[in-house]
Amino acid sequence: MKQRFPSTPAASAVADTDVDLAHHDKVGRVETRVERWLFGHRLTVLTVFALLSVFLGWHALQLRPTASFEKMVPSRHPYIANYLAYESQLRPLNNLVRIAVETTTGDIYTPEYLDLLKRITDEVFYIPGVDRGNLQSLWTSNVQWYEVTEDGLRSGTVIPSNFDGSPERIREVRVNVGRSNRIGSLVASDHRSAAILAPLLEVDPQTGESLNYGQFARRLETLVRDKYQTDGVRIHITGFSKIIGDLIDGIFDIAAFFAVTVLLTAVVLYWYSRCWRGTLSTLFCCGLAVVWQLGVLDVLGLGLDPYSVLAPFLTFAIGVSHAVQNINTMAAERVAGRSVMEAARATFRLLFIPGTIALVCDAVGFSTLMVIDIRVIQELAINASVGVAVIIVTKMFLLPVIMSYAGSSPRALEQYRRRMRPERQAVNRFLARFTEPRWAAAAVLGAGALLAGAFLQSRDLKIGDLDPGAPELRQDSRYNRDVQFFLSHYSTSPDVFAVMVRTPAGECGSYPVAVVVDQFQWRMENVPGVEASSSLFGPMKRAIAGTNGGDLRWAAITRNRYISNAGHKRVPSDTYSPDCSMLPVLLFLADHKAETLTRVVAAVEDFARENNGDGVEFLLAAGNAGIEAATNTVIKESEATMLALVYGIVALLVLWEFKSWRVTAAIMLPLFVTSVLCEAIMARLGIGVKVATLPVVALGVGIGVDYGIYIYNRLEHYLEQGLTLRVAYLETLKTTGSAVTVTGVTLALGVMTWTFSTIKFQADMGLLLTFMFLWNMVGAIVMIPALISLLMPGLRRSPAGKRATAA
């Protein structure tokens, strides 16, 4: 084992009085060389940091919130590949905005209401990002009615071109709405509202720029809701872009949470250290790390989307957690009689290796998220890893240099001495008992019982959303209230699962295809959670009946190719591809909950296995529900890989540092218990594993391992002095143990404020991370000495330790 920490008068009976620790025979050559250079060029270091801060600070100011539909989907998943093959045909099913214009007085058949609907339709038409050719409203030409008369089939637009608001024209519109078969999709069942369906373009064809979802959502609010909503008219808006817009709006509220986090951190640090110098130096370096992180993201061409906006919080919190060790060690060195410069240099040497290893473990935990093929999670991994990289620079190099000027206040030194007094060690003496065999066994058995209970609970953990609407937002949010309005007033659900039926070119309407698709729709409509289905053959049946005098007996598929071709010509072109080689079958779901999507996917795949072939192939999946099903599949398949990587790589780093599998097991097992407990809590609280919550485990493991590394590093030193395990751990608790406790509390307080956020997924992450930070702290303080005691029983006895105890 390698010594990392020299003794201090407050920590042992033997004090190292050598003021020049640069030549200490047990200090690593790397630390010594870096320390000599760093403190020999302090002004140069500060100048470089100042210049980099100006450069990256300017770039940080250029960073803007961004979001993209493409980032939210697993682009290489087979479902998404199938969708992209027919993207132009299926785009209106995925990224769609639904706007309902509701009148609170009467129904929609008034000149005033129809004129208002026309003005709102025109307003939406000219908003950049709208796919204007596929926009649908009662006023657009692609929404038509059909009628069978003695003279044959007649059709026309629902609102005629000569509409003048007269009673006759109003009655005509009412009749046309009934004939259009759009009640429940474009017109509410109670005829008190009408909808506008606006598909979006991910890239503007004129400018080539990606759609700015935040700006688009703000335009919807200002140009539609704010402009037209009155006491007699209510506007309801749903769609992916509106969710992202609301999340981006929530980003600006996060600044307030960040301010609260900084304030709470300052209070806790000062309470612990009684040193404004150390507190302000820590806050400055951690705040600078956040600025650098944002600046680097802009330099890399990345944005700050709603799912990665929490990474700067974590950067600040991680920086503070490591800086607490600096404050504590600096005070210890000053109490040992060293000057400010000597104490700063010793602090750098002592923390450089364990601190760097701990931060590398953090980065590894974050980087394992890259295995998940969803760009928004991968960018979160890059964001968090950049944050750890800048912490290594600012905390490891800048903070010691600043502390070499600032030092520790006399009050801080007195606080440290007071903390070391024997009468203040009651809690530490109790915790040190976990190194005794009986207490250690009780702790391990208790942890095992917790693990078993948590494992049983975690089996109920679901992949995906567990609530209707947008679970990223609170259920009483305006968006989710708008979702409930659509669900209660429109029969076509906003949750659409589209299955693509691929056929030879020109054969999508043929009888063999029609038979299989008809059977497919019948079977799917009997799957719980599927409310209705739609395909090319619904309007084709009506067209065939219409060409035969409206006789409903003809409303069926036919073997006669001439009849089917005649009916095919009269159906909307958006129900099949231009070359008639693909037709989408739309399944309207009751919701997009995890269990609903699982049932639907299983039913579709079963049918596809039974019927694919002979010129018909069923491909999954499009529609917002189909894409979410693909996302859930990727998360489910990647979760185990991610966990194996994060635990495996972090364990290897710990093994490389301490050269002992027993020590590695003692540090890693408490983290595993905490992770399983976290999954059990998610299951009990109804929080599913999804894009927003999946990173929590990786973040918790990456940050939690810091506790174990710092604790065992200090424990190792005292054991090498010949102390018994119990005495060595008691000394460890006096120094590093107290810092770890403050670290856990500080981290928990920092993220606990998130639980008050209006953004539900941020509140969920805050709750889960608060639990993980606190339990990782408890696990490290209680479980590490217990496991060391059981795995390395020889450390309990030491003649030198007995003499030190007697003294």
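For the residue classes used in these legends, Ala, Val, Leu, Ile, Met, Phe, Trp, Tyr, Cys and Pro count as nonpolar, Asp, Glu, Lys and Arg as charged, and the others, Gly among them, as polar. The views are drawn from a predicted model.

**View 1. The second largest cavity and the residues that line it.** The second largest cavity, with a volume of about 80 Å³, belongs to a set of ten cavities of 30 Å³ or more. Its lining is formed by Tyr272, Ser273, Cys275, Gly278, Ile327, Ala331, Met403, Ser408, Ala412, Gln415, Tyr416 and Arg419. By class, seven of these lining residues are nonpolar, four are polar and one is charged. At least two lining residues come from each of helix 8 (240–273), helix 10 (311–335) and helix 13 (410–420), and helix 13 gives the largest share, with four residues.

**View 2. The packing of helix 10 against helix 12 (residues 375–406).** The axes of helix 10 and helix 12 lie 9 Å apart and the two helices pack at an angle of about 25°; since angles under 35 degrees count as roughly parallel, helix 10 is therefore roughly parallel to helix 12. The crossing of this pair is right-handed. From helix 10, the residues Ala311, Thr315, Ile318, Gly319, His322, Ala323, Asn326 and Met330 meet a set in helix 12 that consists of Leu380, Asn383, Ala384, Gly387, Val388, Val390, Ile391, Lys395, Leu399, Pro400 and Met403. Sorted by class, the contact of helix 10 with helix 12 has twelve nonpolar residues, six polar ones and one charged residue. Met403, which belongs to this contact, is also one of the residues that line the second largest cavity.

**View 3. The crossing of helix 15 (residues 437–458) and helix 22 (residues 661–685).** The axes of helix 15 and helix 22 come within 8 Å and cross at roughly 40°, and the two helices are therefore oblique to each other. Their crossing is left-handed. Helix 15 contributes Ala447, Leu450, Leu451, Ala454, Phe455, Gln457 and Ser458 to the contact, while helix 22 contributes Phe672, Val673, Val676, Leu677, Glu679, Ala680, Ala683 and Arg684. Eleven nonpolar, two polar and two charged residues make up the contact of helix 15 with helix 22.

**View 4. The pairing of helix 24 (residues 725–752) with helix 25 (residues 760–791).** The axes of helix 24 and helix 25 come within 8 Å and cross at roughly 175°; as angles over 145 degrees count as roughly antiparallel, the two helices are therefore roughly antiparallel to each other. On the side of helix 24, the residues in contact are Leu725, Tyr729, Leu733, Gly737, Val740, Thr741, Gly744, Val745, Leu747, Ala748, Val751 and Met752, and on the side of helix 25 they are Gly766, Leu769, Thr770, Phe773, Leu774, Met777, Ala780, Ile781, Val782, Pro785, Ile788 and Ser789. By class, the contact of helix 24 with helix 25 has 18 nonpolar and six polar residues, and no charged residues.

**View 5. Backbone geometry at Leu620–Ala621 and at His191.** Most residues other than glycine have a negative phi, and most peptide bonds are trans. Leu620 and Ala621, however, are joined by a cis peptide bond with an omega of about -5°, and Ala621 is placed in strand 9 (residues 617–622). His191, although not a glycine, has a positive phi of about 60°, and the place of His191 is in the loop between helix 6 (167–179) and strand 4 (193–199).

How values were computed:
Residues are numbered from 1 along each chain as its sequence is written. This is a predicted model: local features need pLDDT of at least 70, side-chain atom pairs count only at pLDDT 80 or more; totals for chains, interfaces and linings use all residues. Side-chain values use heavy atoms; hydrogens and water are left out. Axes are lines fitted to C-alpha atoms, for helices over the stretch in contact, and angles run from 0 to 180 degrees between N-to-C directions. Angles under 35 degrees count as roughly parallel, over 145 as roughly antiparallel, 65 to 115 as roughly perpendicular and the rest as oblique. A crossing is left-handed if the near helix is turned anticlockwise from the far one by less than a right angle, and right-handed if clockwise. Contact means heavy atoms within 4.5 Å. On a 1 Å grid over the protein atoms alone, a cavity is a set of points where a 1.4 Å probe fits but cannot get out, and a pocket is an open set with protein on both sides within 12 Å along at least five of seven lines; lining residues have an atom within 4 Å of a point. Grid points are joined across faces, edges and corners, and a volume is the space filled by probe spheres set on the points.
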